[in-house]
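I opened this entry to record what I looked up in the structure, element by element. The notes follow in the order in which I made them.

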Amino acid sequence: MADADLRLLYRELVSLEIELWDGIEGRLRAQYDLPLTSFEVLHLLLRRPGRRIQDIAEEFSITVGGTSKVVDRLEGAGLCERRANPNDRRSSIVELTPEGRKLVVGALKVFDEELELRIGSVIPEESVREVTAVLGTLRAAGRALDAERKATGQAPVPGRPTPKQPGRPA
């Protein structure tokens with residue numbers, strides 16, 4: 001495949017991610033004063049209650065420290081709370097408060113509306129499924145490549161730390 005085609009695909013994917021993130025975040029901030037990063041964590045806790053900080057970090061491929069900071073802010077705002085983990089005294093479980101549940105349920109409607117406007121109304125449902133499958137395949141291949149490199153002691157860029165991922169919760 002031509003390098004130019006791959007570079008163009010890369011630019012389109014990254015630009016779409018940034019524009020999609022900014023558009024959805026703009027609506028969530030305007031209507032709920034809620035950053036998209038916070039929404040993502042609250043939405044995860046709604047879908048899968050009782051997550052540890054480590055679970056949340058793994059879900060979003062971000063650091064435990066970054067995840068802890070997001071949860072600290074949400075907890076400070078009264079949207080979630082930590083409680084002792086009955087299975088591991090070294091960790092805690094994060095759960096939504098009633099206020100957090102109410103907020104994320106309302107924000108989820110705005111999130112879904114924005115996805116429909118920006119994606120669902122533009123491409124047919126079958127294309128959504130196809131693009132989703134292709135992106136899942138690409139992500140799985142990338143994770144496998146990263147795991148192989150890690151196992152053989154190779155860094156993604158020799159001598160440099162892995163950069164933060166744009167648009168990811170931090």
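I note at the outset that the model is predicted.

I then went through the pairings. Strand 2 (residues 80-84) pairs with strand 3 over 5 bridges, in the antiparallel sense. Within this pairing, Glu81 has Glu95 of strand 3 as its bridge partner. Strand 1 (residues 51-52) is also antiparallel to strand 3, over 2 bridges. Here I found Arg51 bridged to Val94, and Arg52 standing opposite Ile93 in strand 3.

**The nonpolar core**

Which residues have the most contacts inside the largest nonpolar core? I found Phe39, Val41, Leu42 and Ile56, in a core of 27 residues. Helix 1, helix 2, helix 3 (53-60), helix 4 (64-76), strand 3 (92-96) and helix 5 each supply at least two residues of this core. The largest share, 6 residues, comes from helix 2.

I looked up the surroundings of Ile56 in particular. Leaving aside residues up to four places away in sequence, Ile56 touches Val41, Leu44, Leu45, Arg51, Thr67, Val71 and Val94.

**Helix 1**

I turned to helix 1, which covers residues 3-32 and has 30 residues. From its first C-alpha to its last, helix 1 reaches 43 Å, close to the 44 Å expected at 1.5 Å a residue. Asp33 follows helix 1 and has a positive phi, near 50°.

Which residues of helix 1 are buried? They are Leu20, Trp21, Gly23, Ile24, Glu25 and Leu28. I note that residues three or four places apart in an α-helix point the same way, because there are 3.6 residues a turn. The cover over the buried residues of helix 1 includes helix 2 (36-47) and helix 5 (98-120).

**The annotated span**

Finally, I consulted the UniProt record, an unreviewed entry, which places the feature "domain: HTH marR-type" at residues 6-140. In the model, this span is 73% helix and 9% strand, and its end C-alpha atoms lie 18 Å apart.

Terms used: Residues are numbered from 1 along each chain as its sequence is written. This is a predicted model: local features need pLDDT of at least 70, side-chain atom pairs count only at pLDDT 80 or more; totals for chains, interfaces and linings use all residues. Side-chain values use heavy atoms; hydrogens and water are left out. Helices (H or I, at least four residues) and strands (E, at least two) are DSSP runs, numbered from the N terminus. The expected span of a helix is 1.5 Å times one less than its number of residues. Buried means under 20% relative accessible area, exposed over 50%, partly exposed in between (1.4 Å probe, protein chains only). Contact means heavy atoms within 4.5 Å. A nonpolar core is a set of buried Ala, Val, Leu, Ile, Met, Phe, Trp, Tyr and Cys residues joined through side-chain atoms within 4.5 Å. UniProt positions are given in the numbering used here, feature names are shortened, and annotations may be inferred rather than shown by experiment. Two strands pair if DSSP finds at least two bridges between them.
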